[in-house]
Amino acid sequence: SSVESITIPKPLTLKNEEVAPWVFFFYHNESERIINMLIDNGVSASTFPTLPDDVFDSPDWKAENKMYRNSVTLPVHQDVTKPQINNIIKLVLDHA
């Protein structure tokens, strides 16, 4: 894998500069491996969002299930320090 295999959704537009997003997410076809590696390194990574039961694994919702399975969510809230964010970035880039 390489950094080219990471897909970042269009950026969120914040209307208020005092508002901070609490997660950042991207798509990768090996998201489960990346999430597990991040968790093993102390990062609270996960998939996002949780799908409703009637959507999860339903053939009627293929795109939604693919996005769910390929998503990696990273913490970026106000309590995450710049060194922690840099470490998360390094981990992702080293293992993408």
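Which strand holds Ser 71? In this predicted model, Ser 71 sits in strand β2, which spans residues 71-75. Residues are numbered from 1 along each chain as its sequence is written, and because the model is predicted, local features need pLDDT of at least 70 and side-chain atom pairs count only at pLDDT 80 or more, while totals for chains, interfaces and linings use all residues. Side-chain values rest on heavy atoms, with hydrogens and water left out.

Overall, the protein has 3 helices and 2 strands, where helices (H or I, at least four residues) and strands (E, at least two) are DSSP runs numbered from the N terminus. Read from the N terminus, the order of the elements is β-α-α-β-α. The protein has 96 residues, and 28% of them count as buried; buried means under 20% relative accessible area, exposed means over 50%, and partly exposed is in between, using a 1.4 Å probe and protein chains only. Contact is taken as heavy atoms within 4.5 Å. Of the contacts between residues at least 6 apart in sequence, 62% join residues at least 24 apart.

Back to Ser 71: its relative accessible area is 0%, so Ser 71 is buried. Leaving aside residues up to four places away in sequence, Ser 71 touches Phe 26, Tyr 27, Ser 31, Ile 35, Ser 46, Thr 47 and Phe 48. The side chain of Ser 71 also reaches the backbone oxygen of Tyr 68, at 3.0 Å. Tyr 68 itself is one of the buried residues of helix α2 (residues 62-70), along with Asn 65 and Asn 70. Cover for the buried residues of α2 comes from elements including β1 (23-27), α1 (31-40) and β2.

Turning to charged pairs, the structure holds 3 salt bridges, each being a side-chain nitrogen of Lys or Arg within 4 Å of a carboxyl oxygen of Asp or Glu. Side chains of opposite charge can pair when their charged atoms come close.

Another salt bridge links Arg 33 and Glu 30, with the closest N and O atoms 2.6 Å apart. Arg 33 is partly exposed, at 34% relative accessibility, and Glu 30 is partly exposed with a relative accessible area of 32%. Lys 90 and Asp 94 form a salt bridge as well, their closest N and O atoms being 2.6 Å apart. These two lie 4 residues apart in helix α3 (residues 82-95), so about one helical turn separates Lys 90 from Asp 94. Asp 94 counts as partly exposed, at 48% relative accessibility.

How do the helices α1 and α3 pack? Their axes come within 10 Å and cross at roughly 140°; axes are lines fitted to C-alpha atoms, for helices over the stretch in contact, and angles run from 0 to 180 degrees between N-to-C directions. That makes α1 oblique to α3, given that angles under 35 degrees count as roughly parallel, over 145 as roughly antiparallel, 65 to 115 as roughly perpendicular and the rest as oblique. At this meeting, Arg 33, Ile 34, Met 37 and Leu 38 of α1 contact Leu 91, Val 92 and His 95 of α3.

Key. Polar contact = N/O pair within 3.5 Å; in protein donor to acceptor, adjacent residues only side chain to side chain.
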